[in-house]
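Please look at the sequence and the 3D structure below, and keep both in view while reading.

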Amino acid sequence: MTARLLLLAAILPLAGLAQLRLSLYDGVTETPIGSSLDVGPATVCGPFTSPYAIRLRNIGQDTIQVTTLEPLSGVISLPGAPLPQFYLAGGALKSLGTIKFAPTSTGSFTSTLTVTGTDLTTSTVYNVSVALTGTSITAPNLTDTSGISYCPGDWIKFERTQVGTTVQTTLTLANPTQSAVTATVAEVTPTVGGTDFGPASPVTVAAGVTQTLQLTFTPSIPNAETGTLTVNGLVYHLAGDGFVPPFPQPTLQLSANANLSSNQAQVSIPLSGAAASTATGQLVLTFQPLGSLADDPNIVFTANSTRTLSVQVNPGDTAVHFQAGDPNQCTFQTGTTAGTIMFTLTIGGITVHTSTPPINKAIVALDLSTAVPATDEIILSLAGFDNTHAASSLAFTFYDTSGKAIAPGLIQSDIAGPFADYYRAHPEAGGVFKLQARFPVTGDITQVAGVDVQFTNPAGPTPTLRLPVQ
Amino acid sequence: MRTRFMATALLAGAVASAQSGLTPPQIGFLRDSAHNVRPLLGISGNFWLGDAIAADAVSTASSGSASMLKTKDSLRVLNALGHPVGRAWRATGTALFAFTPSGAPALAWLPDSGELLRWNGIRFERTPTSAAGLNGTVVSLAAPDSSRVAFVVQRDGELWRVDISLFDGGVLFAANMPGAAAPALLFDDGTLLYAGTSALMLRGPQGEERTIAYSGSAVQFTPMGRDWILVENGLPPNRLGLRLSTGALFELPELPEATQ
């Protein structure tokens, strides 16, 4: 009987131990801690702080009152742990924070993590302890070009960096130890497309040697990124911030003749600043005819005879470029129909609109006019445009070589019907026309020296045009 | 006899009639970037291209009332509507053309064979003129009258005008054209169009010069209609229309497929 009681007494502490469990938590997984735990390495220059949290879990069913938790301070400690006393319900856990190892000299250091708690139901006292050991080593001397020294655990920050470009930080790494050290750069959260921190290959610094170490940051996406520089197990933190500058504001600039019919006008698109990245887009032209006038198919970009042009911006460009025709400006025809031409540019996530001033109704304009004598007739040819598509009358007066009007004098013609029929039959012409009229002549045709021509449309009569017959 | 017009009613009838009257103005014909021959329609500043009337053109030129077309293996004349006229001439390579002052087809120069052909209204026929006597590269030619051809010949980087008899092939006239350089285009009245520095130059028969502001890089001048010259550029915009009477330059519309 005595032997059995002793055995039971020996077992009780074991059962008590099992109610409290310490573990390491990496944010995803809990890993139970055994009877000992190595921390570090660390240096006098820079303490080691574990990246893992220590968790205390009550794996029993009764509430446990934690009465002792140490060390909360010292070379190896849990400075963020809650102060006892506190309660831990059955199945509950408590984060004890992270272990900090802050040696005051080189060498080995030890400490014991101790947790004591009492089962409030059974009054059983539970103890759990872990031997903590850490090694303090001689740190390499790491400084930047401005003289700032870095200790393990420090943050080395890169300046804000535009995506696709590289920023460089030059460090001096002095290795005071008796053996070579290796510096390795890694990214904490891998970025799609590869590591943005460099160098990609480890750098070895021989014993007693001072060497330059070029760290780089080349962000491939716009976000804040962290990495590590590990020198012989000593970790320095890297921080970078990649950004994409906003697309510069484009402005649609039209040449001054854009509101005149039968003109070739230009569009150019300067940017408010230099573009930082490549972008493609489109410039689209639309036409709103005045009133009930039909569309004018000749209002197009000359580079491709359409109303859409592809555009592009490359890094460093201060203007949008056209992918057809002249890259610096595009030409469009203003057509021969009254109305308004509108432009919409879409590029770099920006949409910009502009339009020409109204192309107002104008009097008939003649581009090429001839009056040619044939055997017994005068052949009059008039090529031009009417941007109202509604010319109503045409008047002629022929003159002889002495300047006198030839009978019957003023010849007037109602042309509204024929012109309306023509524009209906030739929508491809916009407001352009070529009129040929034949005037039979009796008598001496060589006496016919000239002819006055005058069109009238809703914008008014044209100035009288005197054509020589030749 | 007193001159008089039978006018009012006839004019109204002419304007209203289906064929009179009113048509879209056609400037002439040109070879587009895809080597098709198309009518160029419209007026100054407002052009459009019509449907192709021929494909695989190597060279073409138009006076507005007639055109000459050289494909890879044949040479022929087209009327004002772009329809073939007369008989084709079998020949390889490119060609240069000249029209009469009234715009009728006159001459075709075939650099490959060094032959000068004359259009007789029905077909082409050989002339006694050959490359042998020119002592250079023909840049342009004109037909001042029915008896002679006026060549612009490039000799050691200089342009020379060389007039040759169409009857016996004899040289009638030869003179250096100082300051002028290829590309160049000679007109029947002796006017020469050539590319100067940052300008197009029109040198009249008496040597007077007119400057047309131009910032391109001309590689060829080709007649494409009455009063109109096609200026082909080495840089975009690739094709400009020069109106000789006003000196105005316009961009000619390109077709979508030409930009792809």
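Is R466(A) buried, partly exposed or exposed? R466(A) is partly exposed, with a relative accessible area of 48%, where buried means under 20% relative accessible area, exposed means over 50%, and partly exposed lies in between (1.4 Å probe, protein chains only). The model is predicted, so that local features need pLDDT of at least 70 and side-chain atom pairs count only at pLDDT 80 or more, whereas totals for chains, interfaces and linings use all residues. Residues are numbered from 1 along each chain as its sequence is written, chains are lettered from A and ligands numbered from 1 in the order in which they are written, and side-chain values use heavy atoms, with hydrogens and water left out.

The side chain of R466(A) meets that of D452(A) in a salt bridge, at 2.3 Å from N to O; a salt bridge is a side-chain nitrogen of Lys or Arg within 4 Å of a carboxyl oxygen of Asp or Glu. This pair links distant parts of the chain, with R466(A) in strand β37 (residues 465-468) of chain A and D452(A) in strand β35 (residues 448-457) of chain A, 14 residues apart. Strands are DSSP runs of E with at least two residues, helices are runs of H or I with at least four, and both are numbered from the N terminus. D452(A), for its part, is buried, with a relative accessible area of 13%.

By this rule there are 19 salt bridges over all chains. In chain B, D163(B) forms one with R148(B), the closest N and O atoms being 2.8 Å apart, and this pair joins strand β16 (residues 158-165) of chain B to strand β15 (residues 148-155) of chain B. D163(B) counts as buried at 1% relative accessibility, whereas R148(B) is partly exposed at 25%.

We turn now to a sheet in chain A. Five strands of chain A form an open sheet in the order β2-β1-β4-β8-β6, with antiparallel pairing. Because β2 (30-32) and β6 (76-77) of chain A stand at the edges, each with a single partner strand, one side of each is left without a neighbour in the sheet. The partner of β6(A) is strand β8 (residues 93-101) of chain A, paired over two bridges in the antiparallel sense; two strands pair if DSSP finds at least two bridges between them. A salt bridge also joins R55(A) to E30(A), with the closest N and O atoms 2.8 Å apart, and it links strand β4 (residues 48-58) of chain A with strand β2 of chain A. Both residues belong to a network of salt bridges that includes R21(A) and R57(A).

Finally, 52 residues of chain A are in contact (heavy atoms within 4.5 Å) with 38 residues of chain B. The two chains bury about 3900 Å² between them, 62% of it on carbon and sulfur atoms, where buried area is the accessible area (1.4 Å probe) that two parts lose on being put together, summed over both. One salt bridge is counted between chain A and chain B, and R243(B) forms a salt bridge with D367(A) at 2.8 Å between the closest N and O atoms. The largest share of the side of chain A that touches chain B, 10 residues, comes from β34(A). β34(A) also pairs with strand β2 (residues 22-23) of chain B in the antiparallel sense over two bridges, and there K434(A) stands opposite T23(B).
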